[in-house]
Amino acid sequence: MKFGVVVFPGSNCDHDCYYALSQVVGVETTLLWHQERDLKNCDAVVLPGGFSYGDYLRTGAIARFSPIMDSIRQFAQAGGLVLGICNGFQILLESGLLPGALLPNRSGHFICRFVYLRVENNRTPFTSLFQLGEVLKIPIAHNQGNFFASSTDIRSFLDNRQVVFRYCDSRGEVTEVSNPNGSLESIAGLTNCEGNVMGMMPHPERSAEEILGSTDGKKVFQSIVKWWEEKEIARK
Amino acid sequence: MNFIGKVVVLLKEGVFDPQGVTIKNALHNLSFSQVSRVRTGKYFEVEFEADSESEAENQLKSMCQELLSNPVIEEYSFQVETE
């Protein structure tokens, strides 16, 4: 299996993702420059965190016009696995590959700390190694992570089980206090209807080794590898 | 013909605007206690060519819908002026 990590001007978690995938998880990984159109036969694509195009206009609004996004759109429509982390999530929303929008945090502050997430759906390529309801410790670092969509859309995300992660406390309780940024329904991670594209605000690449304080993020990447390998075996 | 499109983008009613609240509180601190609400947004001036004013309005509307605003959270208004 081969991962591609897209590098936009202003991405700053690209090398962290590259390191976590290639060195910690131990899967073949390549960087993909945003001006390219070739996805280099990657089986999964990661849009990393950062400040693509300096967050000009709106977060992720300009990155969606990078040439590589045309290829990623086609790749996603054909069922390819796409994971957007933080700014990558914002780019997926602006591109229309995921529904909804991210507003500035309710507090008005940039928030950089560990949070707890509850796994709401473990039947996705991104959560195949987790138990349903498992509580993960993964950090966030963002100014605009306050998930918003119309109440009708939110209802359909919940009904379709598109909500993959919700912010919770250490015991797995989803409360007002455990919601760091004001996200509706405490949504921290969401897939498209088909389940092959996921966006999440927390940074799994920053919680992939013991020295970082948690290894829960590593399992997100390992889930993708496991899901892909099982699919390959079934295909053969 | 040359036109200038003047576009204002605001968060929709009902979408929380933390910058607006923070600015309102700062105005209160300056003793402008009469301020009941502040909405923040973006202002653009777009210079472009079009065959007619109605054509210019159509073009600007597309620009607003496709890029200048995010219809999930924002609303826009504009006026078109000849240069």
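Modeller: In this predicted model, 5 residue pairs are in polar contact between chain A and chain B, counting pairs with both residues at pLDDT 80 or more. On the side of chain A that touches chain B, the residues divide into 7 nonpolar, 3 polar and 4 charged.

Now the extent of the contact. In chain A, 14 residues are in contact with 14 residues of chain B. About 1100 Å² is buried between chain A and chain B. Carbon and sulfur atoms give 69% of that area. On the chain A side, A:Leu57, A:Arg58 and A:Leu103 lose the most area to chain B. Together they account for 44% of what that side buries.

The side chain of A:Arg58 meets that of B:Glu74 in a salt bridge, at 3.8 Å from N to O. The cut-off for a salt bridge is 4 Å, so this pair at 3.8 Å counts. Side chains of opposite charge can pair when their charged atoms come close.

The side chain of B:Glu75 forms a salt bridge with that of B:Arg39, at 3.2 Å from N to O.

The charged pairs inside chain A come next. A search of the whole structure finds 19 salt bridges over all chains. One of them joins the side chains of A:Glu176 and A:Arg106, at 2.8 Å from N to O. A:Glu176 lies in the loop between strand S9 (163–168) and strand S10 (187–191) of chain A. A:Arg106 lies in the loop between strand S5 (101–103) and strand S6 (111–119) of chain A. The pair therefore ties together parts that are 70 residues apart in sequence. A:Glu176 counts as exposed, at 57% relative accessibility. A:Arg106 counts as partly exposed, at 33%.

Another salt bridge joins the side chains of A:Arg171 and A:Asp169, at 3.2 Å from N to O. A:Arg171 is exposed, with a relative accessible area of 66%. A:Asp169 is buried, at 17%. Buried means under 20%, so the 17% of A:Asp169 qualifies.

A:Glu232 also has a relative accessible area of 17%, and is buried. This residue is found in helix H5 (residues 216–235) of chain A. The side chain of A:Glu232 makes a polar contact with the side chain of A:Arg235, at 3.0 Å.

Now the aromatic rings. The count comes to 4 aromatic pairs over all chains. In chain B, the rings of B:Phe3 and B:Phe48 have centres 6.3 Å apart. Their planes are at 35 degrees, so the pair is tilted. B:Phe3 is in strand S1 (residues 2–11) of chain B, and B:Phe48 is in strand S2 (residues 41–49) of chain B. This pair links distant parts of the chain, 45 residues apart. B:Phe3 and B:Phe48 are buried.

B:Tyr76 and B:Phe78 pair as well, with ring centres 6.3 Å apart. Their planes are at 5 degrees, so this pair is stacked. B:Tyr76 is partly exposed, with a relative accessible area of 27%. B:Phe78 counts as partly exposed, at 27%. In chain A, one aromatic cluster is formed by A:Phe89, A:Phe147 and A:Phe157.

Last, B:His28. This residue is found in helix H1 (residues 18–29) of chain B. B:His28 is partly exposed, with a relative accessible area of 32%. Which residues does B:His28 contact, leaving aside its neighbours within four places in sequence? They are B:Ser33 and B:Val35. The backbone oxygen of B:Val35 lies 2.6 Å from a polar atom of the B:His28 side chain. B:Glu57 is 29 residues from B:His28 along the chain, and their C-alpha atoms are separated by 39 Å.

Notes:
Residues are numbered from 1 along each chain as its sequence is written. Chains are lettered from A and ligands numbered from 1 in the order in which they are written. Side-chain values use heavy atoms; hydrogens and water are left out. Helices (H or I, at least four residues) and strands (E, at least two) are DSSP runs, numbered from the N terminus. Buried means under 20% relative accessible area, exposed over 50%, partly exposed in between (1.4 Å probe, protein chains only). A polar contact is a pair of N or O atoms within 3.5 Å; within protein, one must be able to donate a hydrogen and the other to accept it, and residues adjacent in sequence count only if both atoms are side-chain atoms. Contact means heavy atoms within 4.5 Å. Buried area is the accessible area (1.4 Å probe) that two parts lose on being put together, summed over both. Ala, Val, Leu, Ile, Met, Phe, Trp, Tyr, Cys and Pro count as nonpolar, Asp, Glu, Lys and Arg as charged, and the others, Gly among them, as polar. Rings of Phe, Tyr and Trp (its six-membered ring) pair if their centres lie within 6.5 Å; planes under 30 degrees apart count as stacked, over 60 as edge-to-face and the rest as tilted.
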